[in-house]
Protein chains: 2
Amino acid sequence: MKHTKVKDLLNSTKILQEVTAKGWVRTFRNNQFIALNDGSTIHNIQCVVDFENTPEAILKRITTGAAICVSGDLVESQGAGQKYEIQVKKLEILGDSDPEKFPMQPKKHSLEFLRENAHLRIRTNAFGAIMRVRSALSFAVHQYFQQKGFVYVNTPIITGSDAEGAGEMFQVSALPFDNTPRTEEGKVNYKEDFFGKQTNLTVSGQLEAETYAMALGQVYTFGPTFRAENSNTSRHLAEFWMIEPEVAFNDLADNMDLAEDFIKYVVRYAVDNCADDLKFLESRLADEEKQKPQAERSEMTLLEKLNFVLDNNFKRVSYTEAIDILKDSTPNKKKKFQYLIEEWGADLQSEHERFLVEKHFKSPVILFDYPAKIKAFYMRLNDNTEPGKETVRAMDILFPGIGEIVGGSQREERLDVLIEKMKTLGIDEEELWWYLDTRRFGSAVHSGFGLGFERLVLFVTGMTNIRDVIPFPRTPQNAEF
Amino acid sequence: MKHTKVKDLLNSTKILQEVTAKGWVRTFRNNQFIALNDGSTIHNIQCVVDFENTPEAILKRITTGAAICVSGDLVESQGAGQKYEIQVKKLEILGDSDPEKFPMQPKKHSLEFLRENAHLRIRTNAFGAIMRVRSALSFAVHQYFQQKGFVYVNTPIITGSDAEGAGEMFQVSALPFDNTPRTEEGKVNYKEDFFGKQTNLTVSGQLEAETYAMALGQVYTFGPTFRAENSNTSRHLAEFWMIEPEVAFNDLADNMDLAEDFIKYVVRYAVDNCADDLKFLESRLADEEKQKPQAERSEMTLLEKLNFVLDNNFKRVSYTEAIDILKDSTPNKKKKFQYLIEEWGADLQSEHERFLVEKHFKSPVILFDYPAKIKAFYMRLNDNTEPGKETVRAMDILFPGIGEIVGGSQREERLDVLIEKMKTLGIDEEELWWYLDTRRFGSAVHSGFGLGFERLVLFVTGMTNIRDVIPFPRTPQNAEF
């Protein structure tokens with residue numbers, strides 16, 4: 001007999017005869033009440049066992065984590081908290097779970113312990129909820145762009161180009177590591193490698209996406225990107241998923257509009273489609289907040305934070321304005337910042353971003369028009385700036401509790417200005433011949449941004465460590481599973 | 001003034017005053033008629049220039065590939081083949097394209113030449129169409145699974161596990177290649193590498209996806225996978241995208257149902273949503289077929305082939321039946337096969353698969369119940385087979401012109417049988433401790449499959465070389481861009 005998903009049983013509009021459910025036992029109380037979960041929803045269905053007519057040997061095998069199949073009638077539940085339950089007529093143990101050995105017992109486990117058991121943590125309420133929300137957010141990303149006529153582009157993961165300058169890269173090779181072939185000069189001879197050259201894992205698909213935007217108009221990527229930076233923090237992963245839209249004929253203002261509209265769409269999608277999971281995550285966060293000193297607790301619940309983002313315009317502030325605000329700020333004057341803001345040109349640290357977002361504006365903030373010196377080579381140089389105060393059409397979106405969630409820019413569309421900038425920075429023109437072709441042939445104003453998907457998931461789920469919002473996190477010293 | 005997409009202009013229900021379009025010049029005829037494309041559709045919009053009142057210097061810059069902005073009225077076209085055209089009142093050159101240098105001139109280029117210019121080939125009709133269809137198919141994949149309640153899972157790209165046995169792997173490292181740190185025995189000391197161990201690029205997310213299916217019930221992956229195999233063929237890529245659903249409580253018959261329903265859904269989605277692009281690709285294919293000798297030409301047009309898949313049940317055939325058919329076949333008897341089929345147990349070659357699909361059944365075929373010896377360790381051993389004729393619950397879906405498009409199986413859910421199999425094959429149990437945990441705790445029947453996305457795109461677009469259906473192909477000796 002075909003089984004029915006727990007979600008569909010719980011959402012039934014009427015009682016039903018002879019239903020079958022399959023799933024995993026979460027708890028078994030009083031030799032009678034099984035809380036059964038199959039992952040289709042955070043809610044369990046209560047299965048009431050006729051324990052007097054069930055062999056003792058079977059009852060003993062109904063343990064946390066065991067896979068079972070139950071058949072019986074879906075009836076109105078007498079217990080609190082659920083509309084329906086299954087009056088079990090037939091019960092089959094599909095797979096046992098030795099209670100002495102199963103690590104995911106029904107008690108609170110630390111997040112650290114759960115990370116070490118990343119293959120089993122998905123069997124907890126919290127991780128089931130997080131990963132369902134992550135999946136819904138992914139779909140919202142695709143739906144948003146597809147509805148707007150963007151073309152999804154899979155830019156390459158293995159790249160022969162290391163000129164993007166976005167950070168340390170992992171190298172990819174099929175050479176025998178213990179005994180690499182060498183050139184006469186004693187260097188590794190990459191001509192003998194799989195691709196005939198040195199290759200790395202991509203840090204961004206932007207440059208390739210630009211070539212597509214200059215033909216298809218509106219494109220986006222959504223794929224894994226990599227940083228070999230030894231950052232052992234709660235905000236960094238060595239392998240993470242990034243979304244990079246790129247749009248021909250968009251200027252920086254259009255780019256900000258797109259980013260804000262996009263973020264609101266996907267957050268709204270989660271609010272509308274993941275109500276049960278978000279409610280659970282909200283109470284999880286509330287419990288976590290209770291452990292903190294009063295002063296450090298968030299003023300808003302998780303759903304209040306999400307609705308705040310939906311209901312308010314992101315504050316758009318130029319870098320120059322932000323520097324003025326920071327110079328005059330109490331923590332700067334009282335020397336509470338680790339890095340004091342003394343003059344225009346300073347790179348903003350996370351403490352400054354947090355002050356602007358969490359204390360000063362109390363809202364998501366879009367900072368734009370950054371000093372050219374602290375930004376990437378491909379960003380559009382502003383016209384008519386003071387010498388020494390050149391700025392580029394860059395923008396970063398800063399979120400409360402998360403920091404930078406989006407980095408983007410209008411791109412430098414002028415071939416001569418772009419080449420000049422690359423020369424200054426020592427970036428090899430020949431390496432990027434194909435990128436420069438976009439400016440040689442039919443160049444036009446265009447813009448794009450990158451959004452770190454896990455930071456978005458962090459924000460929406462209210463989790464605080466990025467390792468808890470991706471199934472199998474990759475960080476320094478950790479590539480388990 | 002905001003511009004309107006060419007697609008929206010061509011789909012307008014009425015004439016319009018003062019519209020603006022931006023895009024790239026495809027052709028410019030008689031100093032008067034611009035064919036303008038912006039990538040939103042395969043169709044160009046005709047822009048009629050008032051050449052008598054346009055400076056000669058501007059007219060000269062309207063060249064193939066140039067980016068322009070035109071404003072004027074959308075009026076009914078007098079010319080054939082288009083409903084509307086723009087009577088240009090204002091024209092601005094955004095970015096020039098030197099006709100002496102721009103490689104994508106309006107003539108037929110060879111696919112080889114276009115591959116060398118993968119950053120510009122997207123400016124041709126064919127590649128615009130292919131990549132829009134690819135994008136639509138991607139979205140259909142997500143929509144299909146999300147509508148059915150599957151959870152999208154991002155399995156890791158960098159993996160510490162090399163036990164999957166699906167093929168040669170690329171190694172990933174942050175060590176200095178020219179001078180790797182060594183152990184006392186002279187081996188590379190991976191303890192000093194980023195992850196503290198040797199790591200590779202994933203060949204499949206299946207094993208990790210199984211751990212998620214055993215908690216969330218229905219999951220799917222859709223991400224890049226890698227093979228360091230030196231296969232320089234029109235069917236292999238070193239980097240390709242794979243879709244891997246995995247479903248708890250599904251047996252092999254459910255798995256076949258899911259695969260067939262899924263493929264039909266996504267093909268249907270393309271037929272319904274990419275009519276213009278498929279029509280173009282159909283005529284492109286027809287032209288290509290004309291180059292072939294009559295006997296080698298396909299009996300069906302592209303859309304006929306797609307509809308054939310939609311309208312017919314995939315033929316389900318056991319390996320044993322297939323061997324009987326092949327043994328009795330004319331090419332086997334006449335020794336036309338390169339590898340003659342002599343007995344049960346033989347691995348099927350592409351020539352045999354093609355015979356079954358293209359000659360014998362003339363339909364997509366699902367082959368199942370393969371000999372255990374030629375399939376992977378994790379596949380469910382069939383009960384009650386003859387000694388020496390053990391089979392596993394494997395299935396491959398074979399498509400005309402493509403060969404294997406899906407490989408899947410019911411997984412071995414019995415811990416003891418699985419461990420025994422791993423021992424026989426010398427697969428380290430400790431390496432896969434986490435995988436075995438799914439069988440230790442709450443094991444259950446489950447199944448899944450992998451679909452190579454580019455092979456699906458090949459089939460739907462009617463292209464014949466897999467390098468032409470991914471933006472920047474990675475193959476032996478080639479990681480350009």
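Which residue does the side chain of B:Lys2 meet in a salt bridge?

Reply: The partner of B:Lys2 is A:Asp254, with a distance of 2.7 Å from N to O. Before we go on, note that this is a predicted model, where local features need pLDDT of at least 70 and side-chain atom pairs count only at pLDDT 80 or more, while totals for chains, interfaces and linings use all residues. Residues are numbered from 1 along each chain as its sequence is written, chains are lettered from A and ligands numbered from 1 in the order in which they are written, and side-chain values use heavy atoms, leaving out hydrogens and water.

A salt bridge here is a side-chain nitrogen of Lys or Arg within 4 Å of a carboxyl oxygen of Asp or Glu. The pair B:Lys2 and A:Asp254 forms one, and the count between chain B and chain A is eight. Polar contacts (N or O atoms within 3.5 Å, one able to donate a hydrogen and the other to accept it; residues adjacent in sequence count only if both atoms are side-chain atoms) link 39 residue pairs across this interface, both residues at pLDDT 80 or more.

Which element of chain B gives the most to this side? Helix 4, residues 125-147, does, with 11 residues. Helices (H or I, at least four residues) and strands (E, at least two) are DSSP runs, numbered from the N terminus.

Now step back to the whole interface. In total, 113 residues of chain B are in contact (heavy atoms within 4.5 Å) with 113 residues of chain A. The size of an interface is often given as the accessible area lost when the parts come together. Chain B and chain A bury about 9,000 Å² between them, with 61% of it on carbon and sulfur atoms; buried area is the accessible area (1.4 Å probe) that two parts lose on being put together, summed over both.

Strands take part as well. Strand 8 of chain A and strand 8 of chain B, each covering residues 171-173, pair in the antiparallel sense over three bridges; pairing requires DSSP to find at least two bridges. Within this pairing, A:Ser173 stands opposite B:Gln171.

For a contrast inside one chain, take domain 1 (6-105) and domain 2 (123-168 + 203-468) of chain A, whose bounds come from an automatic or database domain assignment. Between these two domains there are zero salt bridges, and the buried area is about 700 Å².
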